[in-house]
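Good morning. I will take a few minutes on aromatic rings and strands, and I will keep it plain. Please look at the structure as I go.

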Amino acid sequence: MGIYIFLFCLCIALLFHTYVLFPLLLSWFAKNKKQNEITYALNDLELPTVAILIAAYNEETVIEEKIKSIFLTDYPIEKIQVFIGTDACTDQTNPIVQRYVDTHAINLIEFKNRTGKTAIINHLATLAKTDVFILTDANVFFLKQTIFEMLKHYKNKEIALVAGNILNPVVKMDGIAHQEKSYLTRENKIKYQEGICWGSMIGAFGGCYSLRAANYTIVPKYFIVDDFYLSMNVLKQGKKAIVALESVCTEDVSNKVLEEFRRKVRISTGNFQNLFHFASLLKNPFSSVGFCFWSHKVIRWMGPFLLILAFNTSYLLSLSHAAFLPVVYLQLGLFLSPIIDWVFKKIGIHLKLLRFVSHFYLMNLALLKGFIIFKKGIKSSIWEPTKRNQ
């Protein structure tokens, strides 16, 4: 019985560390720390040139607004190039982009067959001849200061990756959008604090981030989460990665549970690809990168297995210790929270706390499904855009 108690307590301790203790420790470490202060001024003649790389598939509803947001900027226009790779689009994405090719520094590269985001970005990176790349999604819109506030940090030669601060301005309360926004806000805070403490921001949000062209490495074929791969590769090279909170851009979040679940499964599958690829960074858990990687990501990715093991060990303990029966029933209720929330939603009842619990267990289910897909083998990085517009 002793081994069951140990395993149960270990599972709970690891989950507590990744979701509660690590964020608290980060806040303590980051107290009184300042963001990088070795920066360019807006009128600096040495501001880096930048290529904005976009892989687009059937983005007719957002691509025009995206292009306009890029060029409504206080950054020197002559230092900006845009490369848009369209992935065998069947809507009006190509004609819309083509209208801007002659009036803006836009390069349209049409892929006639479905190719996948990773391969498109790899190709666009070979075409761009600039100091810095910004990788961004078609549905993430820039503000006037977005580009400068991100690129000003490249005066510091130790910094090789700077992530933008993606905000979600419109959120409905009847779906999962509120919970997803809260999760993203919390994640961004953790990433920012990792950056200001050690320059070890673990995984930029793929919607908008930048990196030095010299530090870009070709993402392996069939890798799904290219943003995490490129972020970790920068840290593996001994460079720093940070979040620029002033580099604000906006994105809509999905309000549909199944749509967000599908996206999370895809990300989770790619996470396990990256986990095994960058396993060497975990060898020293007391280094800044190792500590953040273990605490922020790896233990969290182990979440579904920890939850299952905690339930199984508590059930075995309950067979001989009645005191564990309430623990078993509590876990059963938590596992069923997505179904309970779905039933309540059908009758018009929206309980915020219940939906947060439901969101947590659904995302762990997505991790589990992603792991299964990863183990079966991945033969394509072709993607479908998430239906986000609320």
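I will start with the rings and then move to the strands. Keep in mind that this is a predicted model.

First, the rings. A search of the whole structure turns up 21 aromatic pairs. How do we describe such a pair? We use the distance between the ring centres and the angle between the ring planes.

Take Phe276 and Phe374. Their ring centres are 5.4 Å apart and their planes are at 20 degrees, so this pair is stacked; the cut-off for stacked is under 30 degrees. Now, where do the two residues lie? Phe276 is in helix H8, residues 257–277, and Phe374 is in helix H13, residues 352–376, so the pair ties together parts that are 98 residues apart in sequence.

Is Phe276 buried or exposed? Its relative accessibility is 53%, so Phe276 counts as exposed; the cut-off for that is over 50%.

Phe276 and Phe374 also belong to one aromatic cluster, together with Phe228, Phe272, Phe293, Trp301, Phe305 and Phe371.

Arg114 lies over the face of Tyr57, 3.6 Å from the ring centre. The charged end of Lys191 sits over the ring of Phe205, at 4.8 Å from its centre.

Now the strands. For Ala163, the bridge partner in E8 is Val243.

How values were computed
Residues numbered from 1 in each chain as written. Predicted model: local features only at pLDDT ≥ 70, side-chain atom pairs only at ≥ 80, totals over all residues. Heavy atoms only, no water. Phe/Tyr/Trp six-rings, centres within 6.5 Å; stacked < 30°, edge-to-face > 60°. Helix = DSSP H or I, 4+ residues; strand = E, 2+ residues; numbered from the N terminus. Buried < 20%, exposed > 50% of the residue type's maximum accessible area, 1.4 Å probe, protein only. Lys NZ or Arg CZ within 6 Å of the ring centre and 35° of its normal. Pairing = 2+ DSSP bridges.
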